[in-house]
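Hi everyone, thanks for making time. Have a look at the model on the screen, and I'll walk you through a few spots in it.

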Amino acid sequence: MDELEAIKVTFFQECEELLADLEGGLLAMQDGNDDGDTVNAVFRAVHSIKGGAGAFGLEPLVRFAHVFETLLDAVRSNEVPATPDLVVTLLRASDVLADHVSSARGLGDVDEAVSASMAAELKACTDPNAAPAPAAAPVVVEADAPVVEAAAPALIGADDALDDDDLGFDFQPMTITIDEQAADVAAAAGNVWTVSIRPKSDLYRKANETALLLRELARLGPIEATLDASAIPPLDQLDAEAAYATWTVRLETDEDENAIREVFEFVDGDCDLEITRGEAVASDDALAALLAGSAPAPAPAVIEAAPVIEAFEPAPVEAAPEPVAVAPVIKAAPAPVAAPAAPAPVAAAAPAAPAAAAKTQQIDVPGPGQSVIRVDPERIDRLIDLVGELVINQAMLAQRVGEYGIAPSSNLAMGLDELEQLTREIQDSVMAIRAQPVKSVFQRMPRLVREVANMTGKQARLVMDGENTEVDKTVIERLADPITHMLRNAIDHGLESPEERKAAGKNPEGVVRLAALHRSGRIVIEVQDDGKGINRERVFGIAVKKGLISPDLQLTDEEIDNLIFLPGFSTAEKISDVSGRGVGMDVVKRSVQALGGRISISSRPGQGSTFTLSLPLTLAVLDGMVVDVAGETLVIPLACIVESLRPKAEEIRPLGPSGSVLAVRDSFVPLIDVGLTLNYRDQSPAATEGVVLLVEGEDGSRAALVADAIHGQRQVVIKSLEQNYQQVEGVAAATILGDGRVALILDVDAVINLRRRGPPLPSDPTLIAAE
Amino acid sequence: MTRTVLTVDDSRTMRDMLRMALAGAGFNVVEAVDGEHGLEVLSAHRPDVIITDINMPKLDGFGFIEAVRVDDDYRAIPILVLTTESDPAKKDRARRAGATGWIVKPFNPEKLVDAIRRVAA
């Protein structure tokens, strides 16, 4: 990738962060938190986006950002009050800005009409009285414009300030009177100019240097510089910080006056400058003589003119190339600090140096920002893969050693234990590198809430909690969709309209709370609304009407609430713009389950509902129970297992043609032979001969899985089956065990569902017999 | 001798752009993300030239320039102000604070190197 492209990638990453800062700042302002820092940060965010966009020539983005920035600048300087209404406008503008960024990135389009009207609105806010400000930001124009102030003349008087848009400076011939003789000389020598420079002490205070000005002049053509040191006082009266010298430079150049002036751009006002065409009218014979004995171009320093200075002039620190031959002279006289001639300040400063150096030690590390190093995620993924292999290898080694019957107290076994500890620690540390706060997902949500509320005519306020909760990057990427759906659902179906809320004695503005927290090795995301709660009667009715459940089914409140996750269920009476479009909660549930997660809902009538989503912290490793089924080794995720037991014959009851249930304490759970479900075998052995694992699916439904034997519990590294082979129903992924064999990781929910759908094989003899 | 340029800008993009342009022109580049950080890096690397943004958190460009100019060790280091502000008032304020020169963003590498040449011995 070309370097500029790489920076562009950085720019867009930075834009994401800046947009998040912008929105965060605006939301803080909305909460009445508009101290100067917040407003400044908001301003800077837009300002930086504009700056970067300008560098890449992203004009529509620059234009919009400019209008936005102008208003924010007025807000931060208190010219425009930050009223709640204004902040709402700014928030909408931040959404449009985000669209512009996406568009510049090639990820979508900006609605031009929306953008234009937003820009007009921003301008109106900036200056309600004035006619619309000029639309196009001048920034882009500046790109190739010569630095404008170049031409701003110092003392010469041609003081017509140049417009920003004035790209080429018109050359205005100076109306100066030159005597004929000089004119003749000029004509003969090409263009001869006389430049007189009298620096003020401010020039040196700003670290400008006369020597450099002369060097710059020498770039335009051969120069002869003469120093008038007559103003320099005797040494005992010399103020090291003051400026005494005047330089007269004879310059031969084909460039115009503007080019000469441009040399003095940075010292405008800090020196008396006179530029005249033609030879200097040398009234002083001595000067004329000096001019005559000129040194060769480019920079003939006429140091003879300054004998006084030379006297106390130590050797220059840095022998710079030719033009700077002039330097010692200048430095000696007026230059305040840099001059080696002024030892006093240097010595005074010396003690400060060690302190400064000491400070140095700390500063290399702490970048004030959060992220200090940027690493290609692929490298981390590779590292995680390798550590995964290390874990497997370590397990294999442990198994081999075990096979030799080495005593656990032996040095070898103990060393191996330590290795296992270390491996675990390395694995945790490596996973921590990839862990990121869920903030990156959360920060997209305020906009979503605004938009959904707008579209549905609801008033909603989003409260977020636990944005800094960390979770593996692979999980974060997949959180966005479920959270988006849950939030949409909460606003669209959960919250009442402002009128309904008022009627119910609630604040017309509904509150939606989005929270993230860690709970027993999983990340839990909660979406809570303070709406009307689930209308259970209606949900039950719809489920019956759609044939999803039987009308005489007895369900608990919680079970009814969770009916909304059934495929084909949609409670919206009319398909709304937001939650409709065929994506129901069942889809959300399935995608969550595919990640080894669970989702559930609880609700209190009149007080609102809470969606709870839980996911494993990582998709790279898993704690599992290793079991034997029909000679195959399988891993069952530990998170699904409630308990394991050996059933007695009297606890098993037949149910229906082929099924049977197991009595576990007060309830019956369906008995599922894993071997049969996965087609490892045609005939189930008696459940009493094997081991039963009581598992719980994502929806809370339980089942008893029959396996032949349990090998124990261990952490396994998840290897995707889809990537390496193909998706297999009932199998979530694969892993490599300590002995090097591949074991499949069971997808418990899929196994339960396979069972629910009925026996998969039409050729199943029992099924035919039953019919 | 390779010259060291300290760039002070809160925008990563801008720091990267500066680095690309300056490194391409043979400068050694050190970076800081705001004025406060800039003062720390300054003492660590003793740059020959400083390029600074104006709008920055913690310590802005004006404050940074003023802080450099009151430090006897560093006050002779040329400082170029880098900014998108076409607002002359901002530039004047930067000059009053002690800025040596300025570069208007967006810049091209030639313009940048040109400005450095003009202020650097």
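Let me start with a definition: two residues are in contact if their C-beta atoms, placed from the backbone, lie within 7 Å. With that in hand, residues 24 or more positions apart account for 69% of the contacts in chain A that have a separation of 6 or more.

Some housekeeping. This is a predicted model, where local features need pLDDT of at least 70 and side-chain atom pairs count only at pLDDT 80 or more, while totals for chains, interfaces and linings use all residues. Residues are numbered from 1 along each chain as its sequence is written, with chains lettered from A and ligands numbered from 1 in the order in which they are written.

Now chain A as a whole. It has 29 helices and 23 strands; these are DSSP runs numbered from the N terminus, with helices being H or I of at least four residues and strands E of at least two. Of its 771 residues, 36% count as buried. Buried here is 20 or more other C-beta atoms within 10 Å of a residue's own, exposed is 12 or fewer, and partly exposed is in between, again with C-beta atoms placed from the backbone.

Next, a helix pair. How do H3(A) and H4(A) pack? Helix H3 of chain A, residues 59-76, and helix H4 of chain A, residues 84-104, meet at an angle of about 160°, with axes 9 Å apart. Axes are lines fitted to C-alpha atoms, for helices over the stretch in contact, and angles run from 0 to 180 degrees between N-to-C directions. H3(A) and H4(A) are therefore roughly antiparallel, the word for angles over 145 degrees.

Over to A:Ala41, in helix H2 of chain A, residues 36-55. A:Ala41 has 17 other C-beta atoms within 10 Å, so it is partly exposed. Not counting residues up to four places away in sequence, A:Ala41 touches A:Asp21, A:Gly25 and, in the other chain letter, B:Pro57.

Last stop, B:Asp53, where UniProt, in an unreviewed entry, places "modified residue: 4-aspartylphosphate"; such annotations may be inferred rather than shown by experiment. Is B:Asp53 buried or exposed? It is buried, with 29 other C-beta atoms within 10 Å. B:Asp53 sits in strand S3 of chain B, residues 49-53, and beyond its neighbours within four places in sequence, its contacts include B:Asp9, B:Asp10 and B:Thr83.

Note on methods:
Angles under 35 degrees count as roughly parallel, over 145 as roughly antiparallel, 65 to 115 as roughly perpendicular and the rest as oblique.
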